[in-house]
Amino acid sequence: MNEVLIRGARLYGEGEPVDVLVADGVIAGIGAPGVATVPEGAEVIEAAGQVLLPGFVDLHTHLREPGREDTETIETGSSAAALGGYTAVFAMANTDPVADNAVVVEHVWRRGREIGLVDVHPVGAVTAGLAGERLAELGTMAKSAAGVRMFSDDGHCVADPLIMRRALEYSTALGTVVAQHAEEPRLTVGAQAHEGERASRLGYTGWPSSAEESIVARDCVLARHAGARLHVCHVSTTGTVDVLAWAKGLGVDVSAEVTPHHLLLTDERLATYDPINKVNPPLRTEADAERMRQALADGVVDCVATDHAPHAVQDKDCEWAAARPGMLGLQTALSIVAETMVRPGLLDWRGVARVMSERPAEIAGLPDQGRPLAEGEPANLVLIDPDAEWTVHGAELASLAGNTPYEGMRLPAVVSATLLRGRITAREGKIG
Ligand SMILES: [Zn+2]
């Protein structure tokens with residue numbers, strides 16, 4: 001029998017410390033410290049001063065397998081996820097081959113199960129080959145063993161409104177959700193950085209805010225008419241928040257995510273010329289980042305998603321125009337949220353549970369994640385030391401790639417343990 005006793009943690013960082021007994025994959029008991037007798041053979045985690053939350057759920061991860069196993073595999077990405085406090089991740093479909101059919105999604109799902117560090121849910125492509133021309137076999141993927149719950153062409157926008165409309169209709173009938181990478185491609189040809197003063201000064205072709213906002217507005221209208229559910233990936237502009245607030249006010253069934261890097265970083269970083277800061281959508285202005293933090297606090301933006309995007313050294317350590325967009329995110333997400341949201345008082349730990357666990361689980365329809373910390377509930381948990389700090393070194397992260405924009409930064413909050421169905425998947429920075 002696999003039993004774990006977590007001693008003296010505070011649930012959601014609130015109230016008095018408690019002991020939490022985990023047995024048979026569920027929370028078996030919660031009580032005053034020292035009252036529970038330690039079951040024989042139980043693993044004890046001393047957690048005085050620590051915060052217990054439901055395990056995190058990432059709606060947006062790139063695990064690169066199949067196809068680019070030199071930059072990440074399902075195994076190394078699962079390790080990074082467990083170490084980052086995640087108990088479920090959604091693996092985007094832009095692999096090679098593309099996850100646009102039952103064979104690929106079942107492979108990803110099965111591999112995730114074999115490794116067993118985090119629940120890996122494959123995202124199915126919306127269109128065949130991510131080409132944007134005809135719908136992929138959404139129903140086959142949803143009904144496959146992988147039970148696909150989310151569809152996205154992420155990396156590409158589903159730009160054709162008729163295809164997007166059909167995808168919304170089908171996915172709603174299937175009980176799944178379409179996650180849109182909102183980027184009107186006609187407005188971002190050759191784009192290298194956020195369109196604005198800083199990009200023009202450096203001579204970079206701009207990626208205008210309107211390319212994101214126009215697609216989000218269009219998709220909200222399509223979702224409204226179809227009575228469909230829509231999820232918006234990595235929102236990054238003030239105008240997108242205005243559109244979301246408007247659509248939610250009309251009762252449109254839309255949800256949205258923001259990445260940790262859009263909460264913290266801005267296009268001020270362009271001045272470094274370092275492609276480590278190149279990402280899609282691009283880093284925006286201080287005003288945009290400030291609005292992202294406010295929108296996450298007040299719920300217009302529902303949740304945090306990493307857009308974890310591992311890249312090989314040669315694809316990042318080159319000139320800006322040739323570099324691939326994307327940053328690592330799984331192991332630093334909690335700390336960036338602590339830095340940008342918890343430290344300034346925009347979110348408390350219960351709020352962190354909402355934006356990193358409960359809302360993403362609801363959006364994806366995961367019945368066993370983001371559950372309350374209560375007896376009988378599945379023991380998908382993360383234990384956090386809120387007062388500890390650590391220094392980020394890309395080379396020490398579990399990902400095969402090392403492209404973190406936070407290199408050398410000292411950040412608050414450390415994951416002390418992650419439990420998946422009662423089994424310890426990460427502890428004190430090590431797997432298992
Ligand atoms: Zn994207």
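Modeller: Start with a term. Helices and strands here are DSSP runs, numbered from the N terminus; a helix has at least four residues and a strand at least two. Keep in mind that this is a predicted model.

Biologist: Which residues does UniProt list for "domain: Dihydroorotase catalytic"?

Modeller: The UniProt record, an unreviewed entry, gives residues 49-237 under that name. In the model, 36% of this span is helix and 18% is strand.

Biologist: What domains does the domain assignment give?

Modeller: Domain 1 is written in two pieces, 3-51 and 376-431. Domain 2 covers 55-364. Their C-alpha centres are 26 Å apart.

Biologist: How many residues of domain 1 and domain 2 are in contact?

Modeller: Contact means heavy atoms within 4.5 Å. On that basis, 37 residues of domain 1 meet 47 residues of domain 2. Together the two domains bury about 3,300 Å². Carbon and sulfur atoms account for 64% of that area.

Biologist: How many salt bridges and polar contacts cross the interface of domain 1 and domain 2?

Modeller: The general idea comes first. Side chains of opposite charge can pair when their charged atoms come close. Across this interface there are three salt bridges. Arginine 350 pairs with glutamate 14, and their closest N and O atoms are 2.9 Å apart. Polar contacts link 19 residue pairs across the interface of domain 1 and domain 2.

Biologist: Which elements give two or more residues to the side of domain 1 that touches domain 2?

Modeller: Strands S16 (381-391), S17 (410-420), S18 (423-427) and S19 (430-431) do. S17 supplies the largest share, seven residues. By residue type, that side of domain 1 holds 23 nonpolar, nine polar and five charged residues.

Biologist: Now the whole structure. How many salt bridges does the structure hold?

Modeller: The structure holds 26. One example is glutamate 46 with arginine 7, whose closest N and O atoms are 2.8 Å apart. Glutamate 46 sits in strand S4 (residues 43-46) and arginine 7 in strand S1 (residues 3-11), so this pair ties together parts that are 39 residues apart in sequence.

Biologist: What about phi? Where does aspartate 307 lie?

Modeller: Aspartate 307 is not a glycine, yet its phi is positive, about 50 degrees. Find aspartate 307 in the loop between strand S15 (303-304) and helix H10 (313-316).

Conventions:
Residues are numbered from 1 along each chain as its sequence is written. This is a predicted model: local features need pLDDT of at least 70, side-chain atom pairs count only at pLDDT 80 or more; totals for chains, interfaces and linings use all residues. Side-chain values use heavy atoms; hydrogens and water are left out. Domain bounds come from an automatic or database domain assignment. Buried area is the accessible area (1.4 Å probe) that two parts lose on being put together, summed over both. A salt bridge is a side-chain nitrogen of Lys or Arg within 4 Å of a carboxyl oxygen of Asp or Glu. A polar contact is a pair of N or O atoms within 3.5 Å; within protein, one must be able to donate a hydrogen and the other to accept it, and residues adjacent in sequence count only if both atoms are side-chain atoms. Ala, Val, Leu, Ile, Met, Phe, Trp, Tyr, Cys and Pro count as nonpolar, Asp, Glu, Lys and Arg as charged, and the others, Gly among them, as polar. UniProt positions are given in the numbering used here, feature names are shortened, and annotations may be inferred rather than shown by experiment.
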